[in-house]
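Please keep the sequence and the model in view while reading.

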Amino acid sequence: MPKRLVVSVVALIAGLMLSPLLGAQTAPPKSAVEEAKPDKWNTIPPIKSAYAGKKSGPAPRHDISGIWDAAEADGGRQPSGAIEHVALTAPRGQGVEGGRPDETGVMRPLHYTPAGLEALKANKPSGPSVRQVPAALANDPVDQCDPMGFPRTELYELRTLELAQTANQVIYLNQFYGAWRVIWMDGRELPKDPEPRWNGYSVGKWVDDYTFVVQTVGLNPRSWLDHAGRPHSEDLRVEERFHRVNHDNMELTVTIYDPKMYTEPWQGLNKFPLHLQPPDFDISELICSPIDMAEYNKQVGSVVASPPEKK
Amino acid sequence: MISKLRNISFLVVGLLAISVPLFAHHGNAAYDTSKTVTVKGTVTDYVWSNPHVFVKVDVKDDGGNTVHWIVEGQNPVSMLQIGWTKNTFKPGDEVEIDAMQAKNGASVAFLGGASPTAPRRRIMINGKQFQ
């Protein structure tokens, strides 16, 4: 023990003596991860431009663990709704006037089956979308704090994720709605006729050194797919492709397979950028609390949604 | 060329997304986004909770009557991102807050600048500019 101590002290002194030289000659550029100086609690992600032009080391093999922030929008948040087939706005910035029964005229409308179109029309979103209705007429499960469910938690306001890996699982913690999932990597098959779950049943595997692909089934059809009220059936299968581009950056592609509702698969996210955060990043809480929502609806939501006062 | 087109389409989607104020639960249909109102009065309550933070303000109208106003913001995480905390307002504070009133004429308004992408509006607390 004393001998090891002596060696350590010698190494430390040598290191201190050499460090100015090393600093001058070989100091690598600091990555965005190292440069970020987060608060200790309720850490706020840096805006996307903070990442611009930052160099990153190589991606580690078979490793997506870490705290990842959705780097798409400034402020660290995906804008509301799916990115690839956005139904929030009409073309040419025609705005979100709302009131459309379906997706006629949106930039990249989805291809619905007759059952899918009927289900879409039954879902009445109050949030910004070409299908927006006044809040009093809406039936968005989120307005009552019903579970958002997967994949809506990923296709709507995705913010910060923490991923942890064990020998046989990836543990997925989503800031939004405090949703957690377990993705099994022990080689099990997906269940054939599962009882529905809001966040489904997930298995994942590495398809190459840097790409982890997750399949999820058994999703509760009472949840919506996104902010625009896109529906899904109990046959929905979601594929997530986490591709680690380098040490600091990952891309997430989410593909929706639901032949009962859609005549072809579609991508909600296509190479959506996620950025690695420092290891001491503390994720703020963002959950829907029914007691708070009821109070909000009573004091604010239902007041602004009521018909105009007669004078 | 394709990558250029792709960048442009990303930009277009980005701009459209940015131009949409993010009202999480009740759409902007409820608020008159064309006009700014200034809610000036005394804070009576400040609720820091989901889905949206809101502050209650007693305002004296022209006739000297007290009108109870509510100004709502965004969810607490988004508010933290623009520098608000649970201590930003306390009962008794004299405030002036720029916001957008409900279209139905209710004395409820949405904070201008609540979204990180929307323009900042003026907030005065006890005679001092907030941020």
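## Core, barrel and a bent helix

Leaving aside residues up to four places away in sequence, B:Val71 touches B:Val39, B:Phe54, B:Val55, B:Val57, B:Ile97, B:Ala99, B:Ala109 and B:Leu111. The model is a predicted one. The largest nonpolar core has 88 residues, and B:Val71, B:Ala99 and B:Ala109 are the members that touch the most others.

Along the sequence they follow the pattern α-β-β-β-α-β-β-β-β. Of the 131 residues in chain B, 40% are buried. Among contacts in chain B with a separation of 6 or more, 57% are between residues 24 or more positions apart.

Chain A holds a barrel, closed by nine strands in the order S1-S2-S3-S4-S5-S6-S7-S8-S9, with mixed pairing. From one strand to the next, the twist averages 30°. In general, strands of a sheet pair through backbone hydrogen bonds, in either the parallel or the antiparallel sense.

| Strand pair in chain A | Sense | Bridges | A bridge pair |
|---|---|---|---|
| S1 (residues 66–70) and S9 (residues 266–276) | antiparallel | three | A:Trp68 and A:Leu276 |
| S8 (residues 249–257) and S9 | antiparallel | seven | A:Val254 and A:Leu269 |
| S4 (residues 179–184) and S5 (residues 201–208) | parallel | two | A:Ile183 and A:Ser202 |

Helix H5 of chain A spans residues 290–305 and has 16 residues. Its end C-alpha atoms are only 19 Å apart, whereas a straight helix would reach 22 Å at 1.5 Å a residue. H5 of chain A also has a kink of about 55°, centred on A:Asn297. The buried residues of this helix are A:Met293, A:Tyr296, A:Val300, A:Gly301, A:Val304 and A:Ala305. An α-helix has 3.6 residues a turn, so residues three or four places apart point the same way. The cover over the buried residues of H5 in chain A includes parts of chain B, namely strand S2 (54–60), strand S3 (66–72) and strand S5 (108–111).

Two further residues, one from each chain, may be compared in their surroundings. Is A:Ala52 buried or exposed? A:Ala52 is exposed, because 8 other C-beta atoms lie within 10 Å. This residue lies in the loop between helix H2 (32–35) and S1 of chain A. A:Ala52 and A:Phe150 are 98 residues apart in sequence, and their C-alpha atoms are 31 Å apart in space.

B:Glu94 is located in strand S4 (residues 94–101) of chain B. With 13 other C-beta atoms within 10 Å, B:Glu94 is partly exposed. Not counting residues up to four places away in sequence, B:Glu94 touches B:Thr42 and B:Asn126. B:Arg121 is 27 residues from B:Glu94 along the chain, and 17 Å separates their C-alpha atoms.

Notes:
Residues are numbered from 1 along each chain as its sequence is written. Chains are lettered from A and ligands numbered from 1 in the order in which they are written. This is a predicted model: local features need pLDDT of at least 70, side-chain atom pairs count only at pLDDT 80 or more; totals for chains, interfaces and linings use all residues. Helices (H or I, at least four residues) and strands (E, at least two) are DSSP runs, numbered from the N terminus. The expected span of a helix is 1.5 Å times one less than its number of residues. The bend at a residue is the angle between axes fitted to the seven residues ending there and the seven starting there. A residue is buried if 20 or more other C-beta atoms lie within 10 Å of its own, exposed if 12 or fewer, and partly exposed in between; C-beta atoms are placed from the backbone. Two residues are in contact if their C-beta atoms, placed from the backbone, lie within 7 Å. Two strands pair if DSSP finds at least two bridges between them. Axes are lines fitted to C-alpha atoms, for helices over the stretch in contact, and angles run from 0 to 180 degrees between N-to-C directions. A nonpolar core is a set of buried Ala, Val, Leu, Ile, Met, Phe, Trp, Tyr and Cys residues joined through C-beta atoms within 7 Å.
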